[in-house]
Amino acid sequence: MRLGPETAEENEGQALASAAANADRVDPIHQFQVTNLVEFGQIGGSTFAFTNSALFMAITVTLIIGFMLMTTRGRGLVPGRLQSVTEMFYEFTANMLREAAGSEGMRFFPFVFALFSFILVANLLSMVPYFFTVTAHIVITGALALLVMSIVVGYGFAKHGFGFMKLFVPKDVPGPLVPMIVAIEFLSFLSRPVSLSIRLFANMLAGHITLKVFAGFILSLGAFGAVGWAGAVLPFLMVVAITALEILVSFLQAYVFAILTCMYLNDALHPSH
Amino acid sequence: MVTKALAQTAAETAADVAAEHGEAMEGAHGVFPPFDPSTFLSQLIWLAVFFGLLYLLLSRVALPRVATILEERNDRIADDLAEAEKLKRESEEAVAAYEQALAEARAKAHGIAQEARDKAKAEADAERSKVEADLEGKLAEAEERITEVKEKALAEVDAIAKETTQAIVSSLSGESPNEGEIARAVSQAGGERRQA
């Protein structure tokens, strides 16, 4: 074994290796790490702690409530710029729910508004560097999706009793086809919470990983000196473009989650298609 | 014993490696963080806490406030529209009343003018008839006087004719005729003339 690098070739090799190590240091997965900030103890074998995830949920809630209360403080008859942002968001959500589920659906308005605003603000907040992405965790999106579905099923049965089952039998289906249609409808119903949660989770996760990977390229290429710096321009532009795309995705996914929730609530309100 | 010690060393080494490698992934048990079940409990509890809090604050405070603001604005707009409608109706009524008063005044003015014209005409007529009556009276008087003068003149014509006849006869025949004869002849001639 030689003690040190002796040839230029080996020198170069080591530089490459160190660049690779540099790139390794930019771990695109690390950002999703849940860390315990304050530990409270054990519950059923799991540690219960105030985590960075919880911190960002708290920030999200504070931002939403703070913004809404601050902007409507004046209760202006003629709204200022910020007050009209709150009003527009309110009316946008209200119209979305009313169009999807009718005026009876308005009883779920606070829930839909909470869901929409929570996901939207959490998504947008995650675009700030070093901020945690609450919605890139399947357990969070899954819990929200299950909450939606349990409200749909619970309210559907409470309001229509067994009539809620009409949801699985579309009108005007010829007799022999009914069992097959019911099976398909039932499966599609079961897949709703899965697709609802995975869509949001996967979008946020993939977006943030892509961002980190391209940002990592900039660092790795930068380690090669002037040529690398020139080469790093390309991934840098990509990072800028992907950031813009991810902000769009943040809005879009929050909207998709909310509008699907509205449609599912419509099923609970009016089970017969 | 030896194997146990060896196993322990191996475990320690593994832990060291894990600690070194895991500098970037502290706390991770070598799993993909979103699928790390050890964090699920904390995340779910805090999600329940904060989402519940968000729902509560939204449904109790923030959303009713926005709803009140929007409702007040809609009410105000509806009120203002109703007020504008009312004012418009009032102004239309005022215009109608004005036009009616104008028409009445015009009719009245017309009436007054007509009356004045009629009165003036009546007065003029009265004046004219009075003047005419006056003139007629004067005319009649004049005619009467003319008749009188004519009759007087005619009456004198006989006397003149008698005198003239006497003078002519006396100058022609040289003798003075009988007055009665002359008067008869004159009145006969005057009667013949009158018949012709």
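**Figure 1. Helix H4 of chain A is mostly covered, with 14 of its 17 residues buried.** A residue is termed buried if 20 or more other C-beta atoms lie within 10 Å of its own, exposed if 12 or fewer, and partly exposed in between, with C-beta atoms placed from the backbone. The view belongs to a predicted model, in which local features need pLDDT of at least 70, side-chain atom pairs count only at pLDDT 80 or more, and totals for chains, interfaces and linings use all residues. Residues are numbered from 1 along each chain as its sequence is written, while chains are lettered from A and ligands numbered from 1 in the order in which they are written. H4(A) covers residues 109-125. Its end C-alpha atoms are 23 Å apart, which agrees with the 24 Å that 17 residues should span at 1.5 Å a residue; the expected span is 1.5 Å times one less than the number of residues.

**Figure 2. Chain A comprises seven helices and two strands.** Helices (H or I, at least four residues) and strands (E, at least two) are DSSP runs, numbered from the N terminus. Along the sequence, the pattern is α-β-β-α-α-α-α-α-α. Of the 273 residues of chain A, 29% count as buried.

**Figure 3. Strands E1 (residues 36-43) and E2 (residues 46-51) of chain A run antiparallel and are joined by six bridges.** Strands are said to pair if DSSP finds at least two bridges between them. A:Glu39 has A:Ala49 in E2(A) as its bridge partner. Two residues lie between the strands of this hairpin, where A:Gly44 takes a positive phi near 55 degrees.

**Figure 4. The axes of helices H6 (residues 178-222) and H7 (residues 226-269) of chain A come within 8 Å and cross at roughly 170 degrees.** Axes are lines fitted to C-alpha atoms, for helices over the stretch in contact, and angles run from 0 to 180 degrees between N-to-C directions. The crossing therefore makes H6(A) roughly antiparallel to H7(A), a term applied to angles over 145 degrees. The contact of H6(A) with H7(A) has 20 nonpolar, eight polar and three charged residues. Ala, Val, Leu, Ile, Met, Phe, Trp, Tyr, Cys and Pro count as nonpolar, Asp, Glu, Lys and Arg as charged, and the others, Gly among them, as polar.

**Figure 5. The contact between the chains takes 36 residues from chain B and 40 residues from chain A.** Two residues are in contact if their C-beta atoms, placed from the backbone, lie within 7 Å. On the side of chain B that touches chain A there are 25 nonpolar, six polar and five charged residues. Chain B has three helices and zero strands, and 8% of its 196 residues count as buried.

How values were computed
Parallel < 35°, antiparallel > 145°, perpendicular 65-115°, else oblique.
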